[in-house]
Amino acid sequence: MEIIIAKNSGLCYGVKRALNIARETRQKKTGNVYTLGDLIHNPQVIADLKQQGIQSVTDLDEFDQGWVIIRSHGVSPDIYRRLQKKNIKIVDATCPIVKKIQRLVEMLAKEKKEIIIVGNREHPEIQGLIGYSQGKGIIVENEDRVRQLPRKKKRAVLAQSTQDLYLFEKIVAALIEKTEELKVFNTICHSTQTRQKATSELASCVDTLFIVGGKNSSNTNKLFQISKRILPNTHFIESANQINHEMLKGSKKIGLSGGASTPPEAIQEAVDKIKTSFKHPFQREKIIQCQR
Ligand code: SF4
């Protein structure tokens, strides 16, 4: 039996950075420290943060003093304004890559271009980006939505930083048919692209693949879809205890991959569970390696 972990699995730069900023803020500042939404889609990490005195809140009315950390997804200008009005101290942990996309949307809005933003309507990054578009942004989740759009002379298109590259390409192709002059900005972040590529490569060379991460994590869901397209025997698990014998039956090569908010411990726990699920001691000893 061989267990292979996809390259770039687990926490991305932006999420790690936001976690460090939150912990540092808690150490250095007095008063309550909040995060606007969960910093990471992992209940265990959120519980640990709570224990350290960092509380996750979703509604601005839930607090009226202290420090609030903006998570890596970023927020719309309206949220900054509302926080400033309430006199709340802001610690901005928006990922610098997301900040760059926000600036791009802002610039395109000034050029009075229609901006197609490819992503999930409910995702916080998209809700933030649309706020920078000054009414020029249109959220597109799939090709069907493109078919409903009218023909236009000029448009720009960009993507949520964790978008599935394959879907983005398909949407761009559909937009070309509807637009005379289309400006394409591939804003899918490098770490996401590497993770997606590594996961699809791994899916083509293993018998079973586990995607580890929160079901509410958009990028982990995309990894699942990418792997499932190639390998039907792909399982989306939130924790190691969801792995059972049936899933591993007949598998000699098992792959693991995790999204941008999957902590390394969650992947390690899955590896341990797979190892102990094989009763024969020899099988338990076999190689664990990381993909090159
Ligand atoms: S996925 Fe990329 S853009 Fe998004 S937070 Fe992580 S590093 Fe930043």
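Let me begin with the shell of residues around the ligand, which in this predicted model divides into 8 nonpolar residues, 6 polar ones and no charged ones. Altogether 14 residues surround the ligand, and the closest are Cys-12, Gly-14, Cys-95, Ser-161 and Cys-189. If we then ask which elements give two or more residues to this shell, we find α1, covering 13-28, together with α4, covering 96-110, and α8, covering 190-203. Of the elements in the shell, α1 provides the largest share, and that share is 3 residues.

Now I would like to turn to a sheet in the structure. This is an open sheet of 4 strands, arranged in the order β7-β6-β8-β9, and the pairing in it is parallel. Why do β7 and β9 each have one side left without a neighbour in the sheet? The reason is their position, because β7, residues 137-140, and β9, residues 179-184, stand at the edges, and each therefore has a single partner strand. If we ignore direction, neighbouring strands of this sheet are turned against each other by 30 degrees on average.

Let us look at one of these pairings in detail, namely the one between β6, residues 114-118, and β8, residues 152-159, where the two strands run parallel and are joined by 5 bridges.

Conventions
Residues are numbered from 1 along each chain as its sequence is written. This is a predicted model: local features need pLDDT of at least 70, side-chain atom pairs count only at pLDDT 80 or more; totals for chains, interfaces and linings use all residues. A residue is near a molecule or strand if its C-beta atom, placed from the backbone, lies within 6 Å of it. Ala, Val, Leu, Ile, Met, Phe, Trp, Tyr, Cys and Pro count as nonpolar, Asp, Glu, Lys and Arg as charged, and the others, Gly among them, as polar. Two strands pair if DSSP finds at least two bridges between them. Axes are lines fitted to C-alpha atoms, for helices over the stretch in contact, and angles run from 0 to 180 degrees between N-to-C directions.
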